[in-house]
Amino acid sequence: MKDRYFYAAKVALANFSKWYGSYPYSTLSIVVPPAEANGAGGMEYPTLVTSFGAKSDSPDFNELERTVIHEIAHQYFYGMIASNEFEEAWLDEGFASYAEDKLMEQEFTANLPLPIQAAIITSPASLTQSAWKYGASDIYAQNAYYRGKLILLDIEKQVGAKTMRRIMFNYSTEYRFKHPTTTDFQRIVERVTGRSWKNYFNQYVYGDKMADFSVDHIQVYTVDSKDGPAYESVIDISRKGASYPRWQYCSRSKTDIPYRRLGMWITTPCRLRSNTKSLWIGYKSTRNTRSFWRINTLTII
Ligand SMILES: [Zn+2]
């Protein structure tokens, strides 16, 4: 088991040094508490982290390596890149979670279910509000860890992996041993991409907006195609959250099927063709009416 802790630490230091600047200290201590003392696990201090003690002989990656890697990411995100972990916790936990996911994917092909993590966020709040103002520890965690990480992944999706690596590297190296704020990070994003991110940051980061759409109505029609029966679905969707992302799946098509106009977001019917009748898989939070949907298979027609 010792080898696994060490291997996780080695890949973390090697890759994070490449991605976020070299690890400048000569030591790093990993304290592994016994499983019954795991209350002391999962903590980070400069040059010292605590991990979780294994509860079985062969714990999975998410139980063992993930914590080691997350805590070592904190050597950067709040350690060397010394943001204020109380006043802007997402720069600490959101960034460490992002780095952790990247490395877990690369080294252990261990991915977390992002749609489910998104669905956990039932109380979105500003990421720049002080940690003690979230009111409850789970609301703090939803925002600082999950929402913070998902926003970084969303930025990456918009700019591409290569540009995102440059953003993270520039931010980490320019603010090494300094005290950056969210505005400093925004400035780096804007400088690297050469455009304003004011509207995006105002909604998602300083504000409490999320991507939030609801599927109001679906009507499925059977149509003939040369490959046998196919299904066309006319879907009414409304926007409940931020004005990003812009809707891209629907194309303007001529149709006599009635549809509801969807305001500034989309004024044409959303018409999709699939080879299965069930076009949507839904993840629905039980805690409020927020819904998150993933498209199964579709062709825009
Ligand atoms: Zn953490």
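Modeller: Helix α5 (residues 137-159) packs against helix α6 (residues 161-174) at an angle of about 130°, and their axes lie 7 Å apart. Axes here are lines fitted to C-alpha atoms, for helices over the stretch in contact, and angles run from 0 to 180 degrees between N-to-C directions. That angle makes α5 oblique to α6 (under 35 degrees is roughly parallel, over 145 roughly antiparallel, 65 to 115 roughly perpendicular, and the rest oblique). On the α5 side, Ile155, Glu156 and Val159 meet Ala161, Thr163 and Met164 of α6; contact means C-beta atoms, placed from the backbone, within 7 Å.

This is a predicted model, in which local features need pLDDT of at least 70 and side-chain atom pairs count only at pLDDT 80 or more, while totals for chains, interfaces and linings use all residues. Residues are numbered from 1 along each chain as its sequence is written.

The protein chain has eight helices and nine strands (DSSP runs numbered from the N terminus: H or I of at least four residues for helices, E of at least two for strands). Of its 301 residues, 28% are buried, a word for residues with 20 or more other C-beta atoms within 10 Å. Among contacts between residues at least 6 apart in sequence, 58% join residues at least 24 apart.

Now the sheet. Three strands form an open sheet, ordered β1-β3-β2, with mixed pairing; strands pair if DSSP finds at least two bridges between them. β1 (29-31) and β2 (43-45) stand at the edges with a single partner strand each, so one side of each has no neighbour in the sheet. On average, neighbouring strands of this sheet are turned by 15° against each other, direction ignored. β1 and strand β3 (residues 48-50) run parallel and are joined by three bridges. Ser29 stands opposite Leu48 in β3. Helix α2 (residues 65-76) packs on this sheet and touches β1, β2 and β3. The direction of α2 makes about 30° with that of β2.

Beyond α2, Phe77 is found in the loop between α2 and α3 (90-108). Phe77 counts as buried because 28 other C-beta atoms lie within 10 Å. Leaving aside residues up to four places away in sequence, Phe77 touches Leu91, Asp92, Phe95, Ala96 and Ala99. Take Ala96: Phe77 and Ala96 are 19 residues apart in sequence, yet 6.0 Å apart in space, C-alpha to C-alpha.

Terms used. Contact = placed C-beta atoms within 7 Å. Buried ≥ 20, exposed ≤ 12 C-beta atoms within 10 Å, placed from the backbone.
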